[in-house]
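Dear colleague,

My notes on its pockets follow.

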Amino acid sequence: MWQEVLQLDRDLLIFLNGLGSADWDGFWLFITNKWSSIPLYVLLLLLSIRFLGWKKTGFLLLAIALLITTTDQLANFFKYGVQRPRPCHHATIADAIRLVKARCGGKYGYFSAHAASSMALASFFLMVFRRKLPWLAIPLLLWALSVGYSRIYIGVHYPGDVLTGIAFGLFFGWLYAKLYIFALHKFKV
């Protein structure tokens, strides 16, 4: 059964990655680039200052730093623990996919740190601002899902890598938002 799941993951990658075209490559390379999200981060910082104030935003920045460190290090732990080669490093399918980036990245890819971190940030802010800024949910989820899909599009992750990253991101974003809210009440901020 496990081999069937892995084969389905490979087939889905080949299909989704094969939908790409040179006309869209630049867009998805932009989406997958971590620096392209800086305007979003600045907007979230400004919204935090505006709706939470400086002190709560300071706690928020600490929670986000811990959240990103957690998702990133957990992804590395799984990558080196599971040791599933990235599709672009996998001999049997490397020729069947479009590698859009100049380089493939590290040898292992399970699970996607990009997908985990972006979904963790999205779910964290959804929890924190769910009452004050409910309209923020759709743009944040679309951004996080786009970052995840971009990893498939450019050929460096299987869909299973991305879905696992999204699941971990959702969980840890929720958990750190709960811890952040608890800390605000505990320290009367």
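The lining of the second largest pocket comprises seven nonpolar, one polar and four charged residues. Here Ala, Val, Leu, Ile, Met, Phe, Trp, Tyr, Cys and Pro count as nonpolar, Asp, Glu, Lys and Arg as charged, and the others, Gly among them, as polar. This is a predicted model, in which local features need pLDDT of at least 70 and side-chain atom pairs count only at pLDDT 80 or more, while totals for chains, interfaces and linings use all residues. Residues are numbered from 1 along each chain as its sequence is written, and side-chain values use heavy atoms, with hydrogens and water left out.

A pocket is an open set of points on a 1 Å grid over the protein atoms alone, where a 1.4 Å probe fits, with protein on both sides within 12 Å along at least five of seven lines; lining residues have an atom within 4 Å of a point.

The second largest pocket has a volume of about 300 Å³, a volume being the space filled by probe spheres set on the points, which are joined across faces, edges and corners. Its lining includes Leu 52, Met 127, Arg 130, Tyr 180 and His 185. The largest contribution comes from α6, with four residues; helices are DSSP runs (H or I, at least four residues) numbered from the N terminus.

The largest pocket holds about 930 Å³ of space. Of its 39 lining residues, Lys 34, Asp 72, Ala 113, His 114 and Ser 117 are the closest to its centre. α3 gives the most to this lining, with 14 residues. By class, the lining of the largest pocket has 20 nonpolar, eleven polar and eight charged residues.

Yours sincerely

Terms used: Helices (H or I, at least four residues) and strands (E, at least two) are DSSP runs, numbered from the N terminus.
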